[in-house]
Amino acid sequence: MKRILTWLAATAAGVVLLFGYRTSTQVVMPSAEPAPAGTEAASTPATQSGSTQSGSTQSGSTGGAAGGLQDGTYTGAAADTRFGPVQVRITVQGGAVTAATAVAYPTESRRDQQINASAIPVLEQESVGVQDAQQVDMVTGATYTSEGYVGSLQAALDEARP
C-alpha cells in the first residue's frame with residue numbers, strides 16, 4: 001500500500017510539472033513611443049511582458065509617403081529577448097521599405113552566432129519583401145531572435161508612419 005501511494009504521489013507530481021511547463025514564449029513588442037528626431041538611442045525604458053525596451057531613433061527624413069511611410073532611416077526600439085536585445089534599422093524610399101538591417105542581436109555564444117548568422121539575413125530579406133512586421137515569418141530554430149526582430153521592426157515602421 002505504501003508503494004502505491006508513493007507511486008501515485010510521484011505520478012501526480014510528474015503530471016503537474018508536465019502541464020505546468022511553458023513551452024511557448026511571449027512576443028516582445030516594443031512600444032511605439034516616438035523618440036525626438038536627431039537623437040541616437042533615446043532611452044525610454046518600459047516594461048512589457050517582463051521585458052524591457054529602449055527607445056527608437058529616426059534620421060534623414062526627406063519626404064515622400066506614397067506607400068504610407070515617410071522616407072528616411074528609422075531604427076526601432078531594441079527588443080530584449082531571452083538571449084539579448086534585437087534592434088532593426090530600416091530605410092524607406094518612395095514610401096516603401098528598401099532595406100532592413102539588424103543592428104543589434106545576440107552574439108554572446110557560438111550558438112547565438114550560428115543561429116543568427118542564418119536567421120538574420122532571412123528576416124532582413126523578408127522584411128523588405130512583405131513590408132509589414134506582422135507578416136514576417138518566424139525562422140525555425142531562431143524563435144527568440146525572430147520575435148525580437150519583429151518587435152523592433154514594428155517599432156521602426158511605426159516611426160516611419162507620418
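Student: Where is the place of Glu159?

Tutor: Glu159 sits in helix α3. Helices (H or I, at least four residues) and strands (E, at least two) are DSSP runs, numbered from the N terminus. Before we go on, this is a predicted model, in which local features need pLDDT of at least 70, side-chain atom pairs count only at pLDDT 80 or more, and totals for chains, interfaces and linings use all residues. Residues are numbered from 1 along each chain as its sequence is written, and side-chain values use heavy atoms, with hydrogens and water left out.

Student: Is Glu159 buried or exposed?

Tutor: Buried means under 20% relative accessible area, exposed over 50%, and partly exposed in between (1.4 Å probe, protein chains only). Glu159 has a relative accessible area of 9%, so Glu159 is buried. Across the chain, buried residues make up 36% of the 162 residues.

Student: How many helices and strands are there in the chain?

Tutor: The chain has three helices and seven strands. Along the sequence they follow the pattern α-β-β-β-β-β-β-β-α-α.

Student: How many residues does helix α2 have, and what does it reach from its first C-alpha to its last?

Tutor: The expected span of a helix is 1.5 Å times one less than its number of residues. Helix α2 (residues 110-130) has 21 residues and reaches 30 Å, close to the 30 Å expected.

Student: Where does α2 bend?

Tutor: A bend at a residue is the angle between axes fitted to the seven residues ending there and the seven starting there. In α2 the bend is about 35 degrees, at Asn116. Asn116 is also one of the buried residues of α2.

Student: At what angle do α2 and α3 pack?

Tutor: Two packed helices are described by the angle between their axes and the distance between the axes. Axes are lines fitted to C-alpha atoms, for helices over the stretch in contact, and angles run from 0 to 180 degrees between N-to-C directions. Here the angle is about 35 degrees, and the axes of α2 and α3 are 11 Å apart.

Student: Which residues meet there?

Tutor: Contact means heavy atoms within 4.5 Å. From α2, Asn116, Ile120, Leu123, Glu124 and Ser127 meet Thr145, Ser146, Tyr149 and Leu153 in α3.

Student: In which strand is confidence lowest, and in which is it highest?

Tutor: pLDDT is the predictor's confidence in each residue, from 0 to 100. Confidence is lowest in strand β1 (residues 46-48), at a mean of 33, and highest in strand β6 (residues 84-93), at 94. Over residues 23-53 the pLDDT is below 50. The chain as a whole has a mean pLDDT of 77.
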